[in-house]
Amino acid sequence: MLLRGSHVYAEAAVRAGCRFYFGYPITPQNELTEYMANALASLPDGVFIQAESELAAINMVIGVSMAGKRAMTSSSSPGISLKQEGISFLSAMELPAVIINTMRGGPGLGNIAASQGDYFQATRGGGHGDYRTIVLAPGSGQEMADLTRAAFEYADRYRIPVIILGDGMMSQMMEPVEFPDPIDPKSLPPKPWVLDGAKDRPSRIIKSLILDTSAMEEHNWKLFRKYEMIEKEISQVELFLTDDARLVVIAYGTASRIARGAIKRVREMGLKVGLMSPKTLWPFPKRYLLEMSRVVTDFLVFEMSTGQMLEDVKLSLEGRRRIHFYGRPGGIISTPDEIAKVINNIYFKEGLETEV
Amino acid sequence: MLIKTVFSGFGGQGVLMMGYILAVSAMRGGMQVTYLPSYGAEVRGGTANCTVSISDEDIASPVASSPDYVIAMNNPSLIRFEGQIKTKGTIFLNSDLIDIDPEREDIEVFKIPANTLAKKMGSERAMNMIMLGAFVSKTKITSIDSLMNGLTEVINTKSKKQVEINRKGLEMGAKYVLKGEWGCLREKLN
């Protein structure tokens, strides 16, 4: 099926058994809300609400999640900022949820062009408190479908909000997509912690207010242990032509596609260059990078920002290898030729063309 | 092989539909495709546009900084995209609405009186299909058969009559090329 990115997210969510969507309009992802309105209206168990604000939408997600159902909301950068309080609450209460961020140029209202300026906000927690969210970064229509399915599964498995970080170009672009078979929400395993009426059982409490400091500390350590486990279990990368690479480009989302085009060009000129494209931004795929740094001396981080994932690459490599950076903020989409030139410059400047 | 095409015109001329049908047709023909509409701030009477990339391998960027082909449906589109076309690329002009000539001499120019042909056919709204039919027939970017299938797939929710009108439009555009009726400014480039 040839489908617009926004519609891919929506269809994949419905197929993942999501029957509750709450959103507030913002460009460039309104088509997602539009699709959900139609898709959920035609399902007997579907609930779609265009909320009165982003805050309302994320709090509706909290409510549904407490009741044990799969729920989703989506927005674009400024709207995601408004949802951060709710995301912090979801994290505190260990509630699964899927939040899609179609990033645009920023800060502030910025513009509606494709950008990657929200990496820090997504991967560092974003709201207040000592927490993390899983962050997934699709780079194609097919990955939008696959990672949306994965997002719901991770959210339930770890009881954690999952953010899918895309951008305006990916949401507007149409690409061929194949979807996995739909999941009937009734077939999902029951969750033993949900608030669904305490008839014939002791009542349960889900809250984020923990006034006792020792209890709060213990809760924070519990979350921390969970985050450690997630870091061990789910980091994912996609590799392209890295086997013999002397220089490896690190890029995610739209930037990874452009980098791939650039690498094809420089490969034609005989440059040994590969691509590592993180699919999980948190947990950052540190071990793949460390593994690769045993043989690769030079890395080029390419982002549609002034350098945010760059910090994770630096933290992972701890000064062991040369890290180069190229970024264009503000909604500028570099061309593969432009990145090919950057690669070319670095390659020869560092003398990578000479045989070891 | 990687071919990028930009369709551009007034909102309402059906430029997004042209690109969409081409993308679906090429996909069904077994090619990799991306379709990227312009979104956001376009001015009224300006250049609503979309970019279709067709390739036999993965497509890196769906953006066309220098398209192989441009289909311009109005003057602003010609002005905006003429400078971006690849050397030896081609621009297809709706000569009923475009009254200026491209300045570049390193591109091919084809003129199609889409509105006139559409009127002759009995439905002026089919002029986008006439352009698309002519474009595909000339460039052979996909086959006319797959284009017809793409059309049916895309607008099958509409009435049979609508499908028929659009189908006739595609045929008319394709025939116009085959008969060699078009006004060609610089068809042969060295």
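Student: Where does Pro283(A) lie?

Tutor: Pro283(A) sits in the loop between S12 and H10 of chain A. Helices (H or I, at least four residues) and strands (E, at least two) are DSSP runs, numbered from the N terminus. Residues are numbered from 1 along each chain as its sequence is written, while chains are lettered from A and ligands numbered from 1 in the order in which they are written. Keep in mind that this is a predicted model: local features need pLDDT of at least 70, side-chain atom pairs count only at pLDDT 80 or more, and totals for chains, interfaces and linings use all residues.

Student: What kind of peptide bond joins Trp282(A) and Pro283(A)?

Tutor: Look at omega: at about -5 degrees, the bond is cis. Thr27(A) and Pro28(A) are also joined by a cis peptide bond, with omega about 5 degrees. You'll find Pro28(A) in the loop between strand S2 (20–23) and helix H2 (30–41) of chain A.

Student: Is Glu318(A) buried or exposed?

Tutor: Count C-beta atoms, placed from the backbone: a residue is buried if 20 or more others lie within 10 Å of its own, exposed if 12 or fewer, and partly exposed in between. Glu318(A) has 9 such neighbours, so it counts as exposed. Glu94(A) has 19 and therefore counts as partly exposed.

Student: Which residues are buried in helix H11 (residues 309–317) of chain A?

Tutor: Met309(A), Leu310(A), Asp312(A), Val313(A) and Ser316(A). To see how they are placed, look down the helix axis and take the arc of the directions from that axis to the C-beta atoms. The buried residues of H11(A) fall within an arc of 160 degrees, so they line one face of the helix.

Student: And what do the buried residues of H11(A) pack against?

Tutor: Packing is read from contacts: two residues are in contact if their C-beta atoms, placed from the backbone, lie within 7 Å. The partners of that buried set are H5, S10, strand S12 (280–282), helix H10 (286–293), S13 and S14 of chain A.

Student: What is the strand order in the five-stranded open sheet of chain A?

Tutor: Start with pairing: two strands pair if DSSP finds at least two bridges between them. Here the order is S9-S11-S10-S13-S14, with mixed pairing. Strand S9 (237–240) and strand S14 (322–327) each have a single partner strand, so one side of each has no neighbour in the sheet. S9(A) runs antiparallel to strand S11 (residues 273–278), joined by four bridges. Within that pair, Leu239(A) stands opposite Met276(A).

Student: Which helix lies across S9, S10, S11 and S13 of chain A?

Tutor: Helix H9 (residues 253–268), running at about 170 degrees to S11(A). For such angles, axes are lines fitted to C-alpha atoms, for helices over the stretch in contact, and values run from 0 to 180 degrees between N-to-C directions.

Student: How is chain A divided into domains?

Tutor: The bounds come from an automatic or database domain assignment. Domain 1 covers 2–197 + 222–233, and domain 2 covers 237–349. Across the boundary, 28 residues of domain 1 are in contact with 22 residues of domain 2. H5(A) supplies the largest share of the domain 1 side, four residues.

Student: How many residues of chain B are in contact with chain A?

Tutor: 15, and they meet 17 residues of chain A. On the chain B side, helix H1 (15–28) and strand S2 (32–37) are the elements that give two or more residues. S2(B) contributes the largest share, five residues.

Student: How many residues are buried in strand S5 (residues 90–94) of chain B?

Tutor: Five of its five, so to speak a mostly covered strand. Thr90(B), Phe92(B) and Asn94(B) point one way, and Ile91(B) and Leu93(B) the other. S5(B) pairs in the parallel sense with strand S4 (residues 69–72) of chain B over four bridges. In that pairing, Ile91(B) is the bridge partner of Val70(B).
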